[in-house]
Amino acid sequence: MKILSIQSSVAYGHVGNSAAVFPLQRLRHEVWPVLTVHFSNHTGYGAWRGPLLAPTDVADVIAGIADRGVLGTADAVLSGYQGDPAVGAVILDAVAQVKAANPDALYCCDPVMGDVGRGMFVRPGIPEYLRDTVVPRADIVTPNQFELEFLAGRTTDTLDDLLAAVDTVRATGPRHVLVTSVLHGDLPAGHLDVVAVSDTGAWAVTTPLLPISPNGGGDVTAALYLAHLATTGSPETALERTTNSIFAVLEATLAAGTRELQLVAAQDAIADPPTRFTARRLR
């Protein structure tokens with residue numbers, strides 16, 4: 001595939017496009033990375049340097065791709081953290097241009113806004129903008145459980161609660177929803193679920209909960225799920241491949257004792273996903 005990926009970038013470490021591009025390339029996809037920021041490192045360190053690109057600059061880069069006559073050949077658009085509604089508007093305009101030329105093109109939105117324990121970590125107004133304007137335009141959304149609860153306006157203590165929340169979000173527009181970091185009362189201690197829902201059904205993969213939460217994991221997850229779903233057409237297969245690859249990356253990161261994802265070290269598990277964990281059908 002050819003994927004237009006509009007996200008942040010860091011020189012050191014792996015978040016945003018610096019997390020998504022390499023895994024997609026290892027899966028043999030062509031990626032056109034458009035940067036929204038270019039920082040020295042991710043903001044989780046508490047200090048960083050580098051520019052936040054103006055929305056007009058982001059739009060100019062996309063316009064330059066269009067000038068080459070290739071924007072309409074993109075098979076998918078991928079976006080992650082959106083720190084400003086003006087950047088969101090640029091992304092949605094790019095999606096509209098791509099879909100006008102290729103109605104089968106997919107838009108995958110990772111609605112980054114917050115997480116359990118941290119709460120919302122984006123600017124005020126961004127969560128509502130994502131919920132009301134961006135998510136309804138997406139074909140695929142990949143929230144974590146905390147973000148899903150905000151998008152759906154309800155809590156999810158059980159799997160049935162979670163599926164009901166996903167149905168609420170899907171009713172606004174997205175055909176496919178992948179929910180990460182799912183915790184509920186029916187899980188064995190020390191485990192979590194990743195859940196995929198589409199028109200054809202719902203599936204979950206259960207993995208051990210590793211004592212690690214590096215930045216960028218959601219960015220890699222969204223990229224891999226988009227790629228596997230688009231190439232296989234199977235949410236079940238995409239869920240299994242994505243979860244197995246991510247777990248291998250996290251294991252390698254834990255073993256290395258670093259806070260940065262070990263994408264290079266674990267690249268074979270990205271290119272050829274293990275088969276350690278299998279999906280179970282929920283409905």
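What follows concerns helix 5 (residues 145-152) and its setting.

Reply: This is a predicted model, in which local features need pLDDT of at least 70 and side-chain atom pairs count only at pLDDT 80 or more, whereas totals for chains, interfaces and linings use all residues. Residues are numbered from 1 along each chain as its sequence is written, and side-chain values use heavy atoms, with hydrogens and water left out.

Helices (H or I, at least four residues) and strands (E, at least two) are DSSP runs numbered from the N terminus. At the start of helix 5, a side-chain oxygen of Asn144 comes to within 3.1 Å of the backbone nitrogen of Phe146. This is a polar contact, meaning a pair of N or O atoms within 3.5 Å; within protein, one must be able to donate a hydrogen and the other to accept it, and residues adjacent in sequence count only if both atoms are side-chain atoms. Just after helix 5, Gly153 adopts a positive phi of about 70 degrees.

Glu147 is found in helix 5 and is buried, with a relative accessible area of 4%. Buried here means under 20% relative accessible area, exposed over 50%, and partly exposed in between, with a 1.4 Å probe and protein chains only. Leaving aside neighbours within four places in sequence, Glu147 is in contact (heavy atoms within 4.5 Å) with Pro111, Val112, Met113 and Gly114. For Val112, the separation from Glu147 is 35 residues in sequence and 7.5 Å in space, C-alpha to C-alpha.

Glu147 is one of the buried residues of helix 5, together with Gln145, Leu148, Leu151 and Ala152. These residues lie on the same side of helix 5, because they cover an arc of only 155 degrees around the axis; the arc is that of the directions from the helix axis to the C-beta atoms. Their cover includes strand 5 (114-115), helix 4 (126-134), helix 6 (159-170) and strand 8.

Strand 8 (residues 176-182) pairs with strand 7 (residues 140-141) in the parallel sense over 2 bridges, and Val177 of strand 8 is the bridge partner of Val141.

Most residues other than glycine have a negative phi. Ser181 is partly exposed, with a relative accessible area of 39%.

Elsewhere in the sheet, strand 1 (residues 2-10) is largely enclosed by the rest of the structure, because 8 of its 9 residues are buried. Strand 1 runs parallel to strand 2, joined by 8 bridges.

Technical notes
Pairing = 2+ DSSP bridges.
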